[in-house]
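Student: Hi, I have a new model open and would like to talk it through. Can we start with a bit of strand pairing?

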Amino acid sequence: MNTLLSESTPPRPGGGSVSPGQALTIRGGHPLSGRVTVKGAKNLATKAMVAALLGETESVLRDVPDISDVHVVRSLLEVHGVTVQDDGDGVLRLDPSGAVSAHFDEIDAHAGASRIPILFCGPLLHLLGQAFIPDLGGCRIGDRPIDFHLDALRAFGATVEKLPSGIRLSAPGGLSGANIALPYPSVGATEQVLLTAVRAKGTTELRNAAIEPEIMDLIAVLQKMGAIISYEPNRVIFIEGVDSLRGYDHRCIFDRNEAASWACAALATDGNIFVTGARQQEMLTFLNVFRKAGGEFDITEEGIRFYRGGALKPIVVETDVHPGFMTDWQQPLIVALTQADGTSIVHETVYENRLGFTRALVKMGADIVVHPEGIASADRRVPRRALEQAAVITGPTPLHGADVVVPDLRGGYSYVIAALAAEGTSIVRNVDIIRRGYEKFLDKLTDLGADFDVVG
Ligand code: EPZ
């Protein structure tokens with residue numbers, strides 16, 4: 001049985017049930033079976049919290065996951081004078097009426113390993129005429145540049161000054177609507193434009209925008225606040241700036257990435273997991289790939305049950321912007337593909353270093369070769385960029401326990417399911433990174449029958 005401090009157990013001295021640098025000892029060979037519940041999407045909740053800064057009255061956000069990315073944004077809001085009240089059961093009340101400039105040191109101290117601070121620019125410029133954004137954190141899956149963000153803010157009329165510790169922005173004369181064409185349908189840059197354009201003077205036209213479900217949910221949040229936003233089928237979004245916005249009451253869209261992660265865990269461990277809160281519509285592409293890989297699923301109004309439909313099958317899949325196969329889904333899927341009978345190819349086209357995590361899977365016995373040049377494929381939703389890679393996975397190869405260190409959020413999750421699928425015992429270190437995006441992760445593993453201890 002697990003000797004663990006679950007998230008619901010009073011945290012040990014030093015806070016949290018898994019402190020930085022802690023590890024899990026995992027005994028493999030057990031299928032994961034049972035039920036888990038996914039709350040609101042990490043990649044919407046954090047952005048909706050920032051949007052509350054734009055309102056003149058209190059906002060209420062529901063189904064907010066208890067994850068460290070949310071804690072970082074809460075601290076940053078509080079440093080800027082926003083009062084954030086946790087009503088329990090995932091309900092946050094955010095009151096921006098006391099918003100003030102924050103001191104650089106305080107902002108820097110709270111920015112943590114997150115990319116969300118960059119999205120404070122527009123709201124703070126509207127509110128205070130200035131903003132300081134520290135250098136960003138986030139998963140080390142590539143350079144993670146912010147050039148699209150800064151170009152967009154300049155187009156709105158902001159001045160941007162690069163400092164050794166971050167960037168200082170100002171817009172004393174206010175911000176005006178702009179015509180912006182993104183070089184790539186960047187999720188973050190699209191959010192940057194949305195959060196800035198809604199209160200800019202005049203209309204903004206954004207071309208080559210990201211249209212992920214989390215983006216559409218952020219548009220819904222902004223419309224509730226009084227914004228006027230429309231979009232066309234060809235990734236064009238129009239925003240008519242308004243003079244003021246009010247608070248919202250919004251329930252976050254469910255976390256597709258967490259739902260897909262647990263689906264891959266069922267596939268990799270030959271288990272059977274019911275994910276309460278998962279919805280078919282936002283997971284259509286994932287479900288197609290899951291089925292082609294040999295998975296099966298039953299869709300109900302409460303959620304989706306994931307399990308193996310028979311032998312795992314090798315597949316070729318390319319990550320893409322929505323409605324393609326999300327880059328966040330490929331890492332847990334690769335673990336299952338190591339057990340498929342044949343050769344699979346995963347072509348990563350969004351980030352330049354999101355296949356590095358496979359080195360640890362090779363250490364556990366997987367046969368994976370990563371080709372830095374990717375694959376030349378003609379018909380693409382997004383033009384080819386010189387930063388793609390392809391993983392060739394040949395299976396089935398029995399996985400054995402190993403000592404591995406979590407490199408990033410989804411890679412870390414993948415190591416845990418690989419350790420659960422392996423024969424023998426593994427040590428997975430630095431597991432606190434996983435808490436950035438998976439609420440009550442250890443409790444869920446226990447509920448699904450995983451056999452592990454928290455060590456160190
Ligand atoms: C968001 O990251 C998500 N993170 C990522 O999820 C997700 O993988 C990604 O969107 C793609 O869907 C959050 O929402 C917090 P991008 P983001 O801007 O906004 C390049 C997870 O596991 N780019 O769409 O940073 C960039 O380098 C995380 O939950 C520029 O070149 O992604 C990348 O190659 C991981 N310049 C590509 O665009 C810029 O200014 C896509 O990045 C911005 C981006």
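Predicted model: local features only at pLDDT ≥ 70, side-chain atom pairs only at ≥ 80, totals over all residues.

Student: Which residue in β8 is the bridge partner of I133?

Tutor: I133 has I167 in β8 as its bridge partner.

Student: And what order do the strands of that open sheet come in?

Tutor: The order is β6-β8-β7, three strands with antiparallel pairing. The edge strands are β6 (130-134) and β7 (159-163), each of which pairs on one side only. On average, neighbouring strands here are turned by 15 degrees against each other, ignoring direction.

Student: Which strands does helix α4 touch?

Tutor: Helix α4, residues 121-128, packs on the sheet and touches β6 and β8. The direction of α4 makes about 150 degrees with that of β6.

Student: Switching topic: how is the chain split into domains?

Tutor: The domain assignment gives domain 1 as 23-38 + 254-455 and domain 2 as 42-251. Their centres, taken over C-alpha atoms, are 30 Å apart. Domain 1 puts 27 residues into the contact, and domain 2 puts in 23 residues.

Student: How much area do domain 1 and domain 2 bury between them?

Tutor: About 2,100 Å², with 52% of it on carbon and sulfur atoms. On the domain 1 side, H322, R436 and E439 supply 31% of the area buried against domain 2, more than any other three residues.

Student: How many salt bridges are there between domain 1 and domain 2?

Tutor: Two salt bridges, and eight residue pairs are in polar contact between the domains.

Key
Residues numbered from 1 in each chain as written. Heavy atoms only, no water. Pairing = 2+ DSSP bridges. Helix = DSSP H or I, 4+ residues; strand = E, 2+ residues; numbered from the N terminus. Axes fitted to C-alpha atoms, helices over the stretch in contact; angles between N-to-C directions. Contact = heavy atoms within 4.5 Å. Domains from an automatic or database assignment. Buried area = accessible area lost by both parts, 1.4 Å probe. Salt bridge = Lys/Arg side-chain N within 4 Å of Asp/Glu carboxyl O. Polar contact = N/O pair within 3.5 Å; in protein donor to acceptor, adjacent residues only side chain to side chain.
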